[in-house]
Amino acid sequence: MNDMKPLAHRRPNSALLERLKSVVGPKGWLDQPGDLAPHLADWRRRFQGKTPLLLKPATTAEVAEIVRLCAAAQAAIVPQGGHTGLAGGGTPHDTGDEILLSTARLNRVRALDAANYTITVEAGCILKQVQDAAAAADRLFPLSLAAEGTCQIGGNLSTNAGGIAVLRYGNARDLVLGLEVVLPDGRVWDGLRALRKDNSGYDLKQLFIGAEGTLGIITAAVLRLFPAPKERVTAFAALRDLDAAVDLQARCRAASGDSLVSFELLPRAGIDLALRHIPGVADPLQAKRDYYVLIELTAAAEGSDLRARLETALAAALEDGLLADATIAESAEQARKLWFVREGITELQKYAGVSIKHDISVPVARVPAFIPRAIELCAKMFPGTRPIAFGHVGDGNVHFNVYQPEAMDGGAFLAQGEALSAAIHDLAMELNGSFSAEHGIGRLRLQEMRRYKSDVELDLMRRIKQALDPLDLMNPGKVV
Ligand code: FAD
Ligand code: 2HG
Ligand code: ZN
């Protein structure tokens, strides 16, 4: 199939805008520049767009009516959840002819079935709200990321978010049993099944998960729950080197009966940023090393002896020279402080200047090859740049963010971004990795899609897009 050219969307005329407003009523729309502003720039302020109208439907029926009207008028729609995405997928283009559809008012927990270990939620529920609803029923919804107080479950599913518990519970994709979706022609697909077994044909929900709003609007989901943890142990360790991280992770999994939930890499530079900018943060360990790991184990049953098991594993790792030092949190408060440093890294990075982000993955055993080679590459090709590597090392997912040289203007640095990112991504691909582990494609990684995806993969994706959204009205110009 030839490259699919974006079709010329029609600019919504005033009659359409008025009809759309009447669907949602006076509380359901915004069109004043001051009100729209927060919805028009992405979290990192790398993308800026325009819209004639932001709609906030409160029911699936309203979403369906909006999509039907837009489809009839050939007007494009950009779905937006918490707008914390890091690939620009939820930000409209600057043409000013795309309608923004916020899911913020679709925020009801429809049902929680404790016996079935499922919860049915609307797309606009904040992730934290879903976690809290599960916890109130002595259940766990394990998806967790630093943006969880703002991002919405519809956005999480649409980006197939990862986060800090993938090692044990999988990505967002693995946590979904059913979906309700408004299709690009306005029909509603009710796939809200709460079944763990259902082999009746293609698994349609998987098409919409990770599609970043290009195939339809997710309005509700049935999510899997798990027993709430009854034991939790959090530890922090200074690594001999990156090889030690891979070895230690395997040891922690084996020693704990596979109770390892998080295994997160922190660089010394990240800890120094936290010490400088977060009041009350203390260095977790005396030993100064280039890399540290934050480890968390949980068990659903009391008496699982997790702490003793981890102590034994860490003591052996110290003895064998994998670690320079390690500490186990003595209280929930101490554990929270350790997590504060890890989760604060993204926010804190602004203090280090302008950065170019990479969200790569490689097979876990290749992380120790990737990081030093990527750092060397930056030093040779872009002298003075300051790379920071951190993230979900247990999943082989490294956030490799490169900062401008101290003396260089931020804009001049960003102008080199294409060459720099191509070099980093080429390396990840050479190591059988991915150029987008968890943040998606949005507008940020379109070039990489063309560079690295095979013709067969691109062709299949475009055929799916064409089949579901022949007029290219759903989040056009994103992903494919
Ligand atoms: P938005 O940004 O609003 O939208 C994301 C995409 O989904 C857009 O393309 C949008 O059009 C589409 N979309 C949104 N809602 C719907 C819907 N209902 N139906 C169809 N399409 C929809 N990501 C990770 O994976 N792991 C992390 O650890 C992580 N940590 C983060 C930490 C911070 C501090 C920040 C700012 C971001 C982080 N992210 C992380 C990225 C981001 O939080 C996730 O991508 C999140 O899933 C986005 O959810 P959202 O509601 O903000 O979506
Ligand atoms: C995280 O793991 C997020 O904290 C953000 O995915 C990563 O800041 C980043 O590059
Ligand atoms: Zn991450």
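User: Let us begin with charged side chains. What do the side chains of Arg-268 and Asp-272 meet in?

Analyst: Please bear in mind that this is a predicted model. Side chains of opposite charge can pair when their charged atoms come close. Here Arg-268 and Asp-272 form a salt bridge, with 2.9 Å from N to O.

User: Why are Arg-268 and Asp-272 separated by about one helical turn?

Analyst: The reason lies in their spacing along helix α9, which covers residues 268-277. Arg-268 and Asp-272 are four residues apart in that helix, so about one helical turn separates them.

User: Are the two partners buried or exposed, or something in between?

Analyst: A residue counts as buried under 20% relative accessible area and as exposed over 50%, with partly exposed in between. Arg-268 has 12% relative accessibility and is therefore buried. Asp-272, at 28%, is partly exposed.

User: Which residue forms a salt bridge with Glu-333, and where do the two lie?

Analyst: The partner of Glu-333 is Arg-336, and their closest N and O atoms are 3.1 Å apart. Both residues belong to helix α11 (residues 332-348), where a spacing of three residues amounts to about one turn of the helix. Glu-333 has a relative accessible area of 39%, so it is partly exposed. Arg-336 is also partly exposed, its relative accessibility being 46%.

User: Which residue pairs with Glu-376 in a salt bridge?

Analyst: Glu-376 is joined to Lys-380, with 3.3 Å between the closest N and O atoms. The setting is helix α12 (residues 367-381), in which the two residues are four apart, about one turn of the helix. Glu-376 is partly exposed at 46% relative accessible area, whereas Lys-380 is exposed at 65%. Elsewhere, Arg-108, Arg-110, Glu-122 and Glu-180 are joined into one network by salt bridges that share partners.

User: How many salt bridges does a search of the whole structure find?

Analyst: The search finds 32 salt bridges.

User: Let us turn to the metal. Which residues coordinate the zinc ion (ligand 3)?

Analyst: To read a metal site, one identifies the donor atoms and then asks where their residues sit in the chain. The zinc ion (ligand 3) is held by NE2 of His-392, NE2 of His-399 and OE of Glu-438, at 1.9 to 2.1 Å. The sequence spacing of these donor residues is H-x6-H-x38-E. Distant parts of the chain are linked by the pair His-392 and Glu-438, which are 46 residues apart. His-392 lies in the loop between β18 (386-390) and β19 (397-403), and Glu-438 in the loop between α14 (417-430) and α15 (446-452).

User: Are His-392 and Glu-438 buried or exposed?

Analyst: The accessibility values answer this directly. His-392 is buried, with 3% relative accessibility, and Glu-438 is buried at 10%.

User: Which residues are around ligand 2?

Analyst: A ligand site may be read as a shell of residues, followed by the individual contacts. The shell of ligand 2 consists of Leu-86, Arg-342, Thr-346, Gln-349, Lys-357, Phe-390, His-392, His-399, Asn-401, Glu-438 and His-439. By kind, these are two nonpolar, six polar and three charged residues. Helix α11 and strand β19 each contribute at least two residues to the shell. For His-392, a side-chain N or O atom is 3.0 Å from an oxygen atom of ligand 2, and for His-399 such a contact is 3.0 Å as well. Glu-438 has a polar side-chain atom 2.9 Å from an oxygen atom of ligand 2. Taken alone, ligand 2 exposes 290 Å², of which the protein buries 89%.

User: How many residues surround ligand 1, and which are the closest?

Analyst: Ligand 1 is surrounded by 36 residues, the closest being Pro-79, Gly-81, Gly-82, Thr-84 and Gly-85. This shell divides into 11 nonpolar, 23 polar and two charged residues. Helix α5 gives the most to the shell, with four residues.

User: Which polar contacts involve ligand 1?

Analyst: A polar backbone atom of Pro-79 is 2.6 Å from an oxygen atom of ligand 1, and one of His-83 is 2.8 Å from an oxygen atom of ligand 1. The side chain of Glu-438 has an N or O atom 3.0 Å from a nitrogen atom of ligand 1. On its own ligand 1 has 980 Å² of accessible area, and the protein covers 97% of it.

Notes:
Residues numbered from 1 in each chain as written. Chains lettered and ligands numbered in written order. Predicted model: local features only at pLDDT ≥ 70, side-chain atom pairs only at ≥ 80, totals over all residues. Heavy atoms only, no water. Salt bridge = Lys/Arg side-chain N within 4 Å of Asp/Glu carboxyl O. Buried < 20%, exposed > 50% of the residue type's maximum accessible area, 1.4 Å probe, protein only. Donors = N, O, S within 2.8 Å, 3.2 Å for Na, K, Ca; no water. Near = heavy atom within 4 Å. Polar contact = N/O pair within 3.5 Å; in protein donor to acceptor, adjacent residues only side chain to side chain. Areas by Shrake-Rupley, 256 points an atom, 1.4 Å probe, with all protein chains shown as cover. Nonpolar A, V, L, I, M, F, W, Y, C, P; charged D, E, K, R; others polar.
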